[in-house]
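Keep the viewer open and follow along.

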Number of protein chains: 2
Amino acid sequence: MFAGCSHTASPFRIGGKWTAQIIRCLEAGPRRFSELEIPLRSITPKVLTETLRAMERDALITRTVHAGVPAPVTYELTPLGLTLLAPMAACCAWAAEHLPTLLDARDAHDSVGSPGVDAGVGTHSAQS
Amino acid sequence: MFAGCSHTASPFRIGGKWTAQIIRCLEAGPRRFSELEIPLRSITPKVLTETLRAMERDALITRTVHAGVPAPVTYELTPLGLTLLAPMAACCAWAAEHLPTLLDARDAHDSVGSPGVDAGVGTHSAQS
DNA sequence: CAGAATCCAATACGATACTG
DNA sequence: CAGTATCGTATTGGATTCTG
């Protein structure tokens, strides 16, 4: 069970913090480096490069250098990368339905012992 | 999208390295601390405790101290925890079908530039 | 039995600056 | 444009030892 769960490839830990978002950005077709930086607004080029290289290594995406000066580079999902969309959708649906509950429970648990100004339960106010 | 992706609660990063395995261990019913240590053979009590506490905080499991000396403690999935089984099954199915492909690609990529004794592609031999 | 305490190593993530 | 280089910090996971 969970064969190969060596922490970078566990079913629930596919890659790092950005892998899932990158896959979604590539869902609609090839994107260039700078086109990925925009929607992932807080990512640094270094981390983006690292993540993309790791994904390329795992055959989830392909990296293509096109002709031109300066040479544009595009990233695209491989067939293997496309297969991740289904389980990701399942996880996404779960999050949409249950993540607020989880976060509320977390808030409630955290506020025990430090109620502060008694803001009450439900202080949660999801951040994107 | 991926609301609440603050790195501990992203759909593809539910908890730490062990959260998913613990959920599966609890799938068939309540388990005691020591009953969890066995199947998760390489976990240390410290990390197991940390993970269980985090899951309890997120209302994924309940912790029950029973009467007796020494007092047995059992952990059990909450209704919320049970809802994770479905997306986990999707991820698990993905892994069963595609993880070998991914790992083979990784091996192939890694062996480029350091073919060693030319073991060829497919040196993969999955470790559990 | 079910952990708590302490210490430590690896890694992930990020800020900043620079380049072919 | 699409990175690379360097540095620093925060978080994670683990080994070991001890206890009500």
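A residue counts as near a strand if one of its heavy atoms lies within 4 Å of it. The model used here is predicted.

**Exercise 1.** Find which element gives the largest share of the surface near DNA strand C.

*Solution.* Start with the residues: 21 of them surround DNA strand C, and the closest are K17(A), K46(A), S34(B), R63(B) and Y75(B). Next, look for elements that each supply at least two residues of this surface: α3 (45-57) of chain A, plus α2 (33-37), α3 (45-57) and β3 (73-77) of chain B. The largest share, four residues, comes from α3(B). Finally, sort the surface by residue class: nine nonpolar, five polar and seven charged.

**Exercise 2.** Work out which part of DNA strand C faces the protein, and list polar contacts to its phosphate oxygens.

*Solution.* Take the atoms of DNA strand C within 4 Å of the protein: 73% belong to sugar or phosphate, and the rest to bases. Then check individual pairs. With V73(B), it is a polar backbone atom that lies 3.2 Å from a phosphate oxygen.

**Exercise 3.** Identify the residues that touch the most other members of the largest nonpolar core, then trace the contacts of W94(A).

*Solution.* Elements supplying at least two core residues each include α5 (85-111) of chain A and α5 (85-111) of chain B. Setting aside neighbours within four places in sequence, W94(A) contacts L99(A), L102(A), I14(B), L80(B), T83(B), L84(B) and P87(B).

Note on methods: Residues are numbered from 1 along each chain as its sequence is written. Chains are lettered from A and ligands numbered from 1 in the order in which they are written. This is a predicted model: local features need pLDDT of at least 70, side-chain atom pairs count only at pLDDT 80 or more; totals for chains, interfaces and linings use all residues. Side-chain values use heavy atoms; hydrogens and water are left out. A polar contact is a pair of N or O atoms within 3.5 Å; within protein, one must be able to donate a hydrogen and the other to accept it, and residues adjacent in sequence count only if both atoms are side-chain atoms. Ala, Val, Leu, Ile, Met, Phe, Trp, Tyr, Cys and Pro count as nonpolar, Asp, Glu, Lys and Arg as charged, and the others, Gly among them, as polar. A nonpolar core is a set of buried Ala, Val, Leu, Ile, Met, Phe, Trp, Tyr and Cys residues joined through side-chain atoms within 4.5 Å. Buried means under 20% relative accessible area, exposed over 50%, partly exposed in between (1.4 Å probe, protein chains only). Contact means heavy atoms within 4.5 Å.
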